[in-house]
Amino acid sequence: MSQTEELPTATPHEIHARFQDPTHESSTSAEWWRRSVIYQIYPRSFRDTTSNGIGDLPGITAELHHVADLGVDAVWLSPFFASPQKDAGYDVSDYRAVDPIFGNLQDFDDLITEANRLEVKILVDLVPNHCSDEHALFRQALVSPKGSAAREFFIFRDGRGEDGQLPPNNWLSHFGGSAWTRITEPDGTKGQYYLHLFDSSQPDFNWDNPAVGDEFESVLRFWLDRGAGGFRVDVAHALVKAPGLPDWNGRADGADSPGYPFADAPMFGQSAVHDVYRRWRAVCEEYDGERVLCAEANVHPIEAMADWVRPDEMHQSFNFPFLHTGWDGKALKAIITRSLKAFDAVGAPTTWVLSNHDVPRHATRLGAVAPSPRDGDGLGPDDIQPDLHLGLARARAATLFMLGLPGGAYLYQGEELGLGDNTMLDPEYRQDPSFARTNGERLGRDGCRVPLPWDSSSASLGFSDSEASWLPQPQEWASLTREAQTADPHSTLNFYKEALRLRSAHQLGLGDLNWLEDTNTSSLLGFENSEILVVLNLGTEPVVLPAGEVLLASSSSALDAATSALLNPNSAVWISLHHA
Ligand code: GLC
């Protein structure tokens, strides 16, 4: 792109390349996970090769070269294990088997072979907090007597009240309703309750029982032996519960509420959980190739989350506070600074993420023209619809800004195509358990899980050979297929490729961070990493950029066409200061 020309002088938004003291120093360590880009594949929505409308492992193997071509280091696969699919596979009935809807173990081995050829690591999603009520261990627990070794794998308790008619405590399920379900004992009488922090089909394991730890070490080794590059660890903050399971009047999801800080929640962040990860880290280190553990530890504040990535625990943890910060420069600067300091303090990389299978995609969130009607939950046909144009512009800008940050980054399948949610899903399509458990009060997460558009070869946009697609795709996706975007030099897909190429070429993942002095407002943010200036314009007026070579802008309309020196609203840019 072009060298900047003469700069207009008098405008209120002129910025200069002057920096504050470094917030983060560059890293000299070469370990891949300190600077990685990891791409999340949601198997049921990636690519279907059996014409049943559900994606599968052979589909991933067949198309993995597209992902490798983006320039990512690893792929994290959401669960593909044997499962009744009550929570889209996060309800595992056999941790050592592939669910037939996704294929079989040979298909997994073939995927590893292809991934090795493409030099992309495959991370497996491990779900250790709970399994499915169809898991053999839980079935055994149900037919075994109270107090038996089989029941000790789970958290069974007697009910309160005279006849045990009240649950053992007041804990709530993340998906709505009580976190306890009462069973019928083998003799037909009403019996004990079991704990499930999620759906009633997802009984929590009892991590106080050493046999649970032994079982999971064996599961870990099973996938490591097969060539997994490591694990994304589901609900990594919840495994161990406080002794006595005391009542809790705070929020079920652990978010702080008045008088109930996350730190006091009896079902999250108990110190003994760290012993679990120390053991797993030691297991990973027995294997070659720097196998990794990444925590889904929804822990507040970010300083506490850093405990999950101390040197002998996990390697990475998802930065949800960053994801949830939204379109506000001041707030973004604050959380980025805090994150870098918190993770630097334990010698771990900070990670960044904008989308995943549990939240509305960032192209949808950032295009919102009204506040989220249900506290961050997905949108439906009766809600005010997002502005797709604004959402895409901001999503590309947010991504370029994120990829300029030092540390690791996570991408969610389809964001490289600029996809938003399907916000027009009718109730009959909704499968997320939170929809049924709240009688439709919460719409759930189906909107961000819609099958990908590949090309125009079928009615499901090439997702399947047939028209089948387990969730319908939005109409506007017809022009957003991977095939169409490959051919368009200005497409979001080619923009992602270029951003990832430059990020790697300039080693931004291992770089430093110095905030630009003039930017400490809600509408403008800028920093320098490895002599590249990253500027994000969140406001409504153009910004005058300092001199330097424009390496990449978030869209063709990001920069003023005449001068290249003005950054337009809802845009971001990378400028090389090397020769400036
Ligand atoms: C994690 C997963 C989510 C799942 C939940 C229960 O948060 O990301 O999809 O529903 O755990 O396993």
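In this predicted model, an N or O atom in the side chain of Arg 232 sits 3.0 Å from an oxygen atom of the ligand. The protein buries 95% of the 310 Å² that the ligand exposes when taken alone, with areas from the Shrake-Rupley method and a 1.4 Å probe.

Around the ligand there are 14 residues, and Asp 87, His 130, Asp 234, Glu 296 and Asp 358 come nearest; to be near, a residue needs a heavy atom within 4 Å. This shell splits into seven charged, four nonpolar and three polar residues. Here Asp, Glu, Lys and Arg are charged, Ala, Val, Leu, Ile, Met, Phe, Trp, Tyr, Cys and Pro are nonpolar, and the others, Gly among them, are polar.

As for cysteines, the disulfide count is zero, a disulfide being two cysteine sulfur atoms within 2.5 Å. The closest cysteine sulfur to that of Cys 448 is in Cys 294, 18 Å away, so it is too far for a bond. Cys 448 is buried at 2% relative accessible area, and Cys 131 is buried at 0% (buried is under 20%, exposed over 50%, partly exposed in between, with a 1.4 Å probe and protein chains only).

Residues are numbered from 1 along each chain as its sequence is written. Local features need pLDDT of at least 70, side-chain atom pairs count only at pLDDT 80 or more, and totals for chains, interfaces and linings use all residues, while side-chain values use heavy atoms, leaving out hydrogens and water.

Technical notes:
Polar contact = N/O pair within 3.5 Å; in protein donor to acceptor, adjacent residues only side chain to side chain.
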